[in-house]
Amino acid sequence: MTTTKARIVIKALADTAIEKICVMGVDDARGDILKLRDVVHDLVDFWGLDEQLKDDFDGRVGQALGFYEEALA
């Protein structure tokens, strides 16, 4: 898998996680988000990709979690 393709796939997985947060709420989406995170980590490890891609996913989803939880406070 090329780095470009990996970035696209991981961004799509992050977007899916963020959409789940918006639709389901943090508590209900948490299990699905962790599964998506596992997929990202497996992809990076399997293909020997840049570890930064894991951090990119975590950062995007973590930022969305923070915004969502702040909005509810």
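## Exercises on a helical model

D50 has a relative accessible area of 46% and is therefore partly exposed. The structure is a predicted model, and the exercises below refer to that model.

**Exercise 1. The loop residue D50**

Task: State where D50 lies, what its side chain reaches, and how far its C-alpha is from that of T3.

Solution: 
- Step 1. Locate the residue: D50 belongs to the loop between α2 and α3.
- Step 2. Look for a partner of the side chain. At 3.0 Å, the D50 side chain reaches the backbone nitrogen of Q52.
- Step 3. Compare sequence and space. T3 and D50 are separated by 47 residues in sequence, yet their C-alpha atoms are 8.1 Å apart.

**Exercise 2. The packing of α1 and α2**

Task: Describe how helix α1 and helix α2 pack, and classify the residues of their contact.

Solution: 
- Step 1. A packed pair of helices is described by the angle between the axes and by the distance between them.
- Step 2. Read them off. For α1 (residues 3–24) and α2 (residues 26–47), the angle is about 175° and the axes are 8 Å apart.
- Step 3. Apply the cut-off. Angles over 145 degrees count as roughly antiparallel. The helices α1 and α2 are therefore roughly antiparallel to each other.
- Step 4. List the residues that meet. On the α1 side they are V9, I10, L13, T16, A17, K20, I21 and M24. On the α2 side they are V26, D28, A29, D32, I33, L36, V39, V40, L43 and V44.
- Step 5. Sort them by class. The contact of α1 with α2 has 14 nonpolar residues, one polar and three charged.

**Exercise 3. K54 and H41**

Task: What joins the side chains of K54 and D45, and which residues does H41 contact beyond four places in sequence?

Solution: 
- Step 1. K54 sits in helix α3 (residues 52–72), and H41 in helix α2.
- Step 2. Check accessibility. K54 counts as buried because its relative accessibility is 11%. H41, with a relative accessible area of 17%, is buried.
- Step 3. Find the partner of the K54 side chain: a polar contact of 2.8 Å joins the side chains of K54 and D45.
- Step 4. List the contacts of K54. Residues up to four places away in sequence not counted, K54 touches V40, H41, V44 and D45.
- Step 5. Turn to H41. Leaving aside neighbours within four places, H41 is in contact with K54 and D58.

**Exercise 4. R60 and D15**

Solution: 
- Step 1. R60 is part of helix α3, while D15 is part of helix α1.
- Step 2. For the spacing, take R60 and A17: they are 43 residues apart along the chain, with C-alpha atoms separated by 9.4 Å.

**Exercise 5. The aromatic pair**

Task: How many aromatic pairs does the structure hold, and what is the geometry of F46 and W47?

Solution: 
- Step 1. Count: the structure has one aromatic pair.
- Step 2. The ring centres of F46 and W47 are 5.2 Å apart and the planes meet at 85°, so the pair is edge-to-face.
- Step 3. F46 counts as exposed, at 65% relative accessibility, and W47 as partly exposed, at 40%.

Notes
Residues are numbered from 1 along each chain as its sequence is written. This is a predicted model: local features need pLDDT of at least 70, side-chain atom pairs count only at pLDDT 80 or more; totals for chains, interfaces and linings use all residues. Side-chain values use heavy atoms; hydrogens and water are left out. Axes are lines fitted to C-alpha atoms, for helices over the stretch in contact, and angles run from 0 to 180 degrees between N-to-C directions. Helices (H or I, at least four residues) and strands (E, at least two) are DSSP runs, numbered from the N terminus. Angles under 35 degrees count as roughly parallel, over 145 as roughly antiparallel, 65 to 115 as roughly perpendicular and the rest as oblique. Contact means heavy atoms within 4.5 Å. Ala, Val, Leu, Ile, Met, Phe, Trp, Tyr, Cys and Pro count as nonpolar, Asp, Glu, Lys and Arg as charged, and the others, Gly among them, as polar. Buried means under 20% relative accessible area, exposed over 50%, partly exposed in between (1.4 Å probe, protein chains only). A polar contact is a pair of N or O atoms within 3.5 Å; within protein, one must be able to donate a hydrogen and the other to accept it, and residues adjacent in sequence count only if both atoms are side-chain atoms. Rings of Phe, Tyr and Trp (its six-membered ring) pair if their centres lie within 6.5 Å; planes under 30 degrees apart count as stacked, over 60 as edge-to-face and the rest as tilted.
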